[in-house]
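Please have a look at it before reading on.

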Amino acid sequence: MPELPEVEALAGYLRQRAVGRRVDRMEIATISALKTYDPAPTAVSGRAVVGAGRHGKFLDVIFDGGLHLVVHLARAGWLHYREAFPSTAPLRPGKGPVALRVRLDDGSGFDLTEAGTQKKLAAYLVTDPALVPGVAKLGPDALAADLATFSDRIRGRRGQVKGVLTDQTVLSGVGNAYSDEILHAAKLSPFAITDRLSDDQLAALHAATRQVLGDAVARSAGQRAAELKAEKRSGLKVHARKGLPCPVCGDTVREVSFADSSLQYCPTCQTGGKPLADRRLSRLVR
Ligand SMILES: [Zn+2]
């Protein structure tokens, strides 16, 4: 799932490549992907792309006249920039992975795609990003928050730190992969309870968040969209590395189920050498 660094890089690529171009037309292949009907998709035709930005994990493509295409890529969504499209024929609804296509006046443009059968990609054509419900509820940006704001937000929501850090209403931008990396860098157990964290632990968590996200943003900057996924994977120390050695201490990275997914961590770096109990498994055994 694209998180803050990948969405930031996609926005950066659009700023570089699409700004100044006019929209020829926007085509919708997956009707359910576009969550708004007013303004109509035809409202972007003839407008110039004037910017691209990010709100948490939402991508924001800005057109002149104050129109925004706000996109949440969900788990399997992605943006592919095309220098040219194979055909000028309109997209056929319900065929293939392309959910939405924006054609620009130089023949280039971008596709929003979604792999798999679960269709969760969501696009909104709005006059103000705050009109998107998920954007209106976002907490402060995880990379921009200062220590005081960061600490207040994390301590203010009681729960396991893994869940609180990925709650977009607490802080925005961090998802499953980077939260594993941040907790590893901060040497914190993913199951630590937020309102029991010491000032030192919160300072370490804040520093780790800035370092992990900042490094990922720096690594992704200037990468083409197609190369971003490989770039993300190459920078990971514990996430999706179950059974491999921790690059910091050499211990074996372990996995435990969490919410509807799983998380990876290093026992030596994060939990005093003790493996975390898999709560779902222990419930079955009991
Ligand atoms: Zn380790």
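## Two helices crossing

A crossing is called left-handed if the near helix is turned anticlockwise from the far one by less than a right angle, and right-handed if clockwise. Helices here are DSSP runs (H or I, at least four residues), numbered from the N terminus. With that in hand, α5 passes α6 in a right-handed crossing.

Helix α5 (residues 176-185) packs against α6 at an angle of about 130 degrees, and their axes are 8 Å apart. That makes α5 oblique to α6. Axes are lines fitted to C-alpha atoms over the stretch in contact, with angles from 0 to 180 degrees between N-to-C directions; oblique is what remains after under 35 degrees (roughly parallel), over 145 (roughly antiparallel) and 65 to 115 (roughly perpendicular).

## About the model

This is a predicted model, where local features need pLDDT of at least 70 and side-chain atom pairs count only at pLDDT 80 or more, while totals for chains, interfaces and linings use all residues. Residues are numbered from 1 along each chain as its sequence is written, and side-chain values use heavy atoms, leaving out hydrogens and water.

## The two sides of α6

Buried residues of α6 include Leu-202, Leu-205, Val-212 and Leu-213 (buried is under 20% relative accessible area, exposed over 50%, with a 1.4 Å probe and protein chains only).

## Glu-3

Glu-3 sits in the segment before α1 (4-17) and counts as buried at 1% relative accessibility.
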